[in-house]
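Hi everyone, thanks for coming along.

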Amino acid sequence: MGLAEKLFSSASERRFVAAIDAGLDRVEEGLLVEMAFGDDLADVTSRYLLSAGGKRIRPTLALLISQLGDGATDAVVAAAQAVEITHLASLYHDDVMDEATMRRGVPSAQSRWGNNVAILTGDLLFARASTIVADLGHDAIKLQAQTFERLCLGQLHETIGPREGDDPIDHYLDVLSDKTGSLISMSAKVGVMFSGAPREYLGPVASFGEKIGVAFQLVDDVIDLSPQPEETGKRAGTDLLAGVETLPLMYLRREAQTDVDSAALLSEIEANVRAATAGGQVDEADLAETVRQLREHDVTRRTHDEARRWATAAVDALGPLPHGPVKKALTRFAERVVERSS
């Protein structure tokens, strides 16, 4: 999140950053303990994606917002660990559903151990997160259950797709809210719930988390088209080749109904996807050109504009929060989310 940037120049702001860094160290140490299993295989598979790295955005958000209250209490740290473990568990399941071969720069879990082991590992991590949450009381248990329900519904709706009469783009945004927004919203809420911060901040931070989660995923749709894999960590057009419906592609489908050039580009993309999914050879030069055309098409700019709109709405939701380093950091975080594709 760049909290140590010159954005925080006063002594009090530097203490604010140091407190969050210290809390993150505690979360990281706790994750190594909480994700240990007595069974040898489970111990290896459950720590696999943890060891692969990650930005720890969700724990950071919880710790940041906890500064509205008493800071990184033991309960805040435990809740932040539970949120991150829940997130990791969802990645195991997502990769099975999406038939993904890579995650965080390493082969996905099911590529190494098969679908059954990957799914069961995700289940184990969901169970471990629930065990942590159980010690935090009724409100925490209810929040975890509600978030888990939304994660499952989001995956279900993504799998089934929009029903007859549904707008595909509205359906897609609802899926993003459930699959990504719900867990980031939970991260924000536990920062208030377990730090003793005023309860009236719950609504604003929950709304911020929900909206910034959608913005984050929309920017990922743009990043998939980036010509700089060394910065993005993924091959340009990865989602396209996998047949993943991203917002630029949805916009393109809509435009293809009335625009000849858009229809031609859509046909090229679909031909590449058919070749990839049928096990055929995809011409890398053709793919690069197709990705370039989509990247430079108006639909990609519109996707970035939509991400910016969600990020702006997230910042607007912070209106009731007091002015200070927390609000400043959350605002900067929203800006950084939409800057990632620049």
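Let me begin with how the axes are drawn: an axis here is a line fitted to C-alpha atoms, for helices over the stretch in contact, and angles run from 0 to 180 degrees between N-to-C directions. And please keep in mind that this is a predicted model.

Two packed helices are described by the angle between their axes and the distance between the axes. So, our opening pair. Helix α10, residues 202-223, and helix α16, residues 298-316, have axes that come within 8 Å and cross at roughly 165°. Angles over 145 degrees count as roughly antiparallel, so α10 is roughly antiparallel to α16. The crossing of α10 past α16 is left-handed.

Which residues of α10 and α16 make the contact? From α10 we have F208, K211, I212, V214, A215, L218, V219, D221 and V222. From α16 come T300, T303, H304, E306, A307, W310, A311, A313, A314 and V315. Sorted by class, the contact of α10 with α16 has 13 nonpolar, three polar and three charged residues.

Let's stay on α16 for a moment and pick out E306, which lies in that helix. Is E306 buried or exposed? E306 is buried, at a relative accessible area of 14%. Its side chain is joined to the side chain of W310 by a polar contact of 3.0 Å. If you leave aside neighbours within four places in sequence, E306 is in contact with L173, L218, L247 and Y251.

With 43% relative accessibility, T312 counts as partly exposed.

Now for another helix pair. Helix α5, residues 74-98, and helix α8, residues 138-160, have axes that come within 12 Å and cross at roughly 15°. Angles under 35 degrees count as roughly parallel, so α5 is roughly parallel to α8. Here α5 passes α8 in a right-handed crossing.

On the α5 side, T86, D94, M97 and D98 take part, and they meet Q144, L151, Q155, E158 and T159 in α8. How many residues of each class does the contact of α5 with α8 have? There are two nonpolar, four polar and three charged residues.

E158 gives us a link to the next residue, H171. Not counting residues up to four places away in sequence, H171 touches H157, E158, G161 and P162. H171 sits in helix α9, residues 168-193, and is buried, with a relative accessible area of 14%. A polar atom of the H171 side chain lies 3.1 Å from the backbone oxygen of H157.

One last stop, and it's a backbone one. Most residues other than glycine have a negative phi. R56 is not a glycine, yet its phi is positive, at about 55°. Where is R56 found? R56 is in the loop between α3, 48-51, and α4, 57-66. R56 is also buried, with a relative accessible area of 8%.

That's my tour; I'm happy to go back to any of these on the screen.

Notes:
Residues numbered from 1 in each chain as written. Predicted model: local features only at pLDDT ≥ 70, side-chain atom pairs only at ≥ 80, totals over all residues. Heavy atoms only, no water. Helix = DSSP H or I, 4+ residues; strand = E, 2+ residues; numbered from the N terminus. Parallel < 35°, antiparallel > 145°, perpendicular 65-115°, else oblique. Left-handed = near helix turned anticlockwise from the far one by under 90°. Contact = heavy atoms within 4.5 Å. Nonpolar A, V, L, I, M, F, W, Y, C, P; charged D, E, K, R; others polar. Buried < 20%, exposed > 50% of the residue type's maximum accessible area, 1.4 Å probe, protein only. Polar contact = N/O pair within 3.5 Å; in protein donor to acceptor, adjacent residues only side chain to side chain.
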